[in-house]
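Hello,

Here is the structure I promised to hand over. Please have a look, then read my notes below.

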Amino acid sequence: MTDQLDRIDRRILAELQADGRLSIVELARRVHLTKTPCAERVKRLEKAGIIKGYRASLDPNALEAGHVAFVQVSLAGTSGAELDSFNAAARQLPEIQSCHMIAGGFDYLLKVRARDMSHYRALLGDRISQLPGVQNTHTYVVMETVKDEAAVPVPAN
């Protein structure tokens with residue numbers, strides 16, 4: 001799909017990713033277009049699913065979600081139905097910020113946000129370990145976040 005994006009499309013993506021609240025007028029100015037063609041390009045990128053939405057960047061500490069842990073999860077079985085069941089249940093827990101199926105020595109890697117260690121322990125015991133098919137977990141607590149970007153690199157060409 002990236003081969004269908006020209007230089008201006010890529011610039012629009014980079015600008016909107018940096019600041020999703022840009023007005024079309026300001027975005028058009030930054031990418032050297034007039035308002036109407038810029039708006040049409042944005043709509044095309046949205047319709048194509050390249051722009052999936054717009055979000056505010058929130059301070060997790062201000063929202064009592066500053067404690068981060070990564071959790072390795074191994075399932076008892078990995079049939080399609082077992083994976084689907086785990087996936088559906090994991091999507092329902094708001095504290096699971098990301099959930100990735102992994103090829104290797106375990107099945108999933110979760111990024112979990114909690115208020116503090118006490119909250120995380122309760123979450124692990126009452127919710128995460130009770131997800132369908134969970135056989136065991138291993139937790140790695142983050143001591144310091146060095147880099148945590150949500151931005152997707154926009155290729156130059």
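**The largest pocket**

The largest pocket has a volume of about 1,500 Å³. On a 1 Å grid over the protein atoms alone, a pocket is an open set of points where a 1.4 Å probe fits, with protein on both sides within 12 Å along at least five of seven lines. Grid points are joined across faces, edges and corners, and the volume is the space filled by probe spheres set on them.

This is a predicted model: local features need pLDDT of at least 70, side-chain atom pairs count only at pLDDT 80 or more, and totals for chains, interfaces and linings use all residues. Residues are numbered from 1 along each chain as its sequence is written, and side-chain values use heavy atoms, without hydrogens or water.

Helix α1 (7-18) and strand β3 each give two or more residues to the lining. The largest share, four residues, comes from α1. Helices (H or I, at least four residues) and strands (E, at least two) are DSSP runs, numbered from the N terminus. By class, the lining has 20 nonpolar, six polar and nine charged residues. Here Ala, Val, Leu, Ile, Met, Phe, Trp, Tyr, Cys and Pro count as nonpolar, Asp, Glu, Lys and Arg as charged, and the others, Gly among them, as polar.

**The cores**

The largest nonpolar core has 19 residues. Such a core is a set of buried Ala, Val, Leu, Ile, Met, Phe, Trp, Tyr and Cys residues joined through side-chain atoms within 4.5 Å. Buried means under 20% relative accessible area, exposed over 50%, partly exposed in between (1.4 Å probe, protein chains only). Val 73, Phe 86, Leu 110, Val 112 and Ile 128 have the most contacts inside this core. A second, separate core of 13 residues includes Leu 22, Val 42, Leu 45 and Ile 51.

**Met 117 and the cysteines**

Met 117 is found in helix α5. This residue is partly exposed, at 38% relative accessibility. Leaving aside neighbours within four places in sequence, Met 117 is in contact (heavy atoms within 4.5 Å) with His 67 and Val 141.

Cys 38 is buried, at 0%. Cys 99 is partly exposed, at 32%. The whole structure has zero disulfides (pairs of cysteine sulfur atoms within 2.5 Å).

Best wishes

Note on methods. 1 Å grid on protein atoms, 1.4 Å probe; cavity = no way out; pocket = protein on both sides within 12 Å on 5 of 7 lines; lining within 4 Å.
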